[in-house]
Amino acid sequence: MSAPKRREQLIAVARKTFAERGYDGTSVEEIAARAKVSKPVVYEHFGGKEGLYAVVVDREVTSLLDRIARALTGEHPRVLVEQAALALLDYIEGDTDGFRVLVRDSPVGAGGSFSSVLNEVAHQAEHILDREFKSRGYDTKLAELYSQALVGMVALTGRWWLDARKPRKEVVAAHLVNLAWNGLSHLDAKPSLSPASSDDRDD
């Protein structure tokens, strides 16, 4: 096997193993055994487990961001929210191992993580919300807060759906958009907690 093909084989084996066992539960010995090579071969290509993990995660981050970027073709904000939600659910359905790698705890200092992906997606969403807030007369400084909230809602639902797989992804996306869009359609310009909640915190 040529060096490039061996490298791709090791990445594929590591991706599946990390998805099944997580970073801490995976050893270079197991990856080598599954790939039917010696441990030095893994070290030769990646320098060790952390280097191999970083390559796997970087590929997944790129894949997910590309998928979402390609999906965002609509002009209306509601359509964009629908497309983003479906793109994430499509990724979970089609690249389950990759998503499992991203959502598992990563080692300190590892490059890329699900958190970094969500931050990038939220940054894209922020620009969309900024335009909407301007048109509705809301404080555009809060677009970042709302984008984080929206992306977090979709991502956490996606993690739940990873194992549940019911209802169908189109139904899940429709309900996410229903909550997000109908909430956004009736935003208070200056929201505040109800007096009861404020009183409770003063006790």
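Good morning, colleagues. Please keep in mind throughout that the structure shown is a predicted model.

I begin with the overall form. The protein contains ten helices and zero strands, so that its pattern along the sequence reads α-α-α-α-α-α-α-α-α-α. The C-alpha trace extends over about 65 × 45 × 30 Å along its principal axes. The radius of gyration is 21 Å, whereas a compact globule of 203 residues would have one near 17 Å. Of the 203 residues, 38% are buried. The accessible surface amounts to about 11,500 Å², and carbon and sulfur atoms account for 51% of this area. As for contacts between residues at least 6 apart in sequence, 66% of them link residues that are at least 24 apart.

The largest cavity holds about 390 Å³ of space. Its lining consists of 28 residues, and those nearest the centre are Val81, Ala84, Ala125, Leu150 and Val151.

Which helix gives the most to this lining? That helix is H7, with eleven residues. Helix H7 covers residues 114-136, and at least two lining residues also come from each of H4 (49-71), H5 (77-94), H8 (143-164) and H9 (169-185). By class, the lining of the largest cavity comprises 25 nonpolar residues, one polar residue and two charged residues.

The second largest cavity has a volume of about 40 Å³. Among the residues that line this second cavity are Phe133, Tyr138, Asp139, Leu142 and Tyr146. Leu187, Asp188, Ala189 and Pro191 belong to the lining of the second cavity as well. Here the division is seven nonpolar, no polar and two charged residues.

Ser147 is located in helix H8. Is Ser147 buried or exposed? Ser147 is buried, because its relative accessibility of 1% falls under the 20% limit. Beyond its neighbours within four places in sequence, Ser147 makes contact with Ala122, Ala125, Glu126 and Leu129. One of these, Ala125, is also among the residues nearest the centre of the largest cavity.

The second residue is Phe46, in helix H3, which covers residues 39-46. Phe46 has a relative accessible area of 10% and therefore counts as buried. Apart from residues up to four places away in sequence, Phe46 touches Arg7, Leu10, Ile11, Gly51, Leu52 and Val55. The C-alpha atom of Phe46 is also 12 Å from that of Ala3, although 43 residues separate the two along the chain.

Finally, I come to the backbone in two loops. The loop between H8 and H9 contains Arg165 and Pro167. Arg165 is not a glycine, yet its phi is positive, at about 55°. With a relative accessible area of 31%, Arg165 is partly exposed. Where is the cis peptide bond in this region? It joins Lys166 and Pro167, with omega at about -5°.

The other loop lies between helix H2 (28-35) and H3, and Lys36 is found there. Lys36 likewise is not a glycine and has a positive phi, of about 60°. Its relative accessibility is 75%, so Lys36 counts as exposed.

That concludes the presentation. Thank you for your attention.

Definitions and conventions: Residues numbered from 1 in each chain as written. Predicted model: local features only at pLDDT ≥ 70, side-chain atom pairs only at ≥ 80, totals over all residues. Heavy atoms only, no water. 1 Å grid on protein atoms, 1.4 Å probe; cavity = no way out; pocket = protein on both sides within 12 Å on 5 of 7 lines; lining within 4 Å. Points joined across faces, edges and corners; volume = space filled by probe spheres on them. Helix = DSSP H or I, 4+ residues; strand = E, 2+ residues; numbered from the N terminus. Nonpolar A, V, L, I, M, F, W, Y, C, P; charged D, E, K, R; others polar. Rg over C-alpha atoms; globule rule 2.2 N^0.38 Å. Buried < 20%, exposed > 50% of the residue type's maximum accessible area, 1.4 Å probe, protein only. Contact = heavy atoms within 4.5 Å. Areas by Shrake-Rupley, 256 points an atom, 1.4 Å probe, with all protein chains shown as cover.
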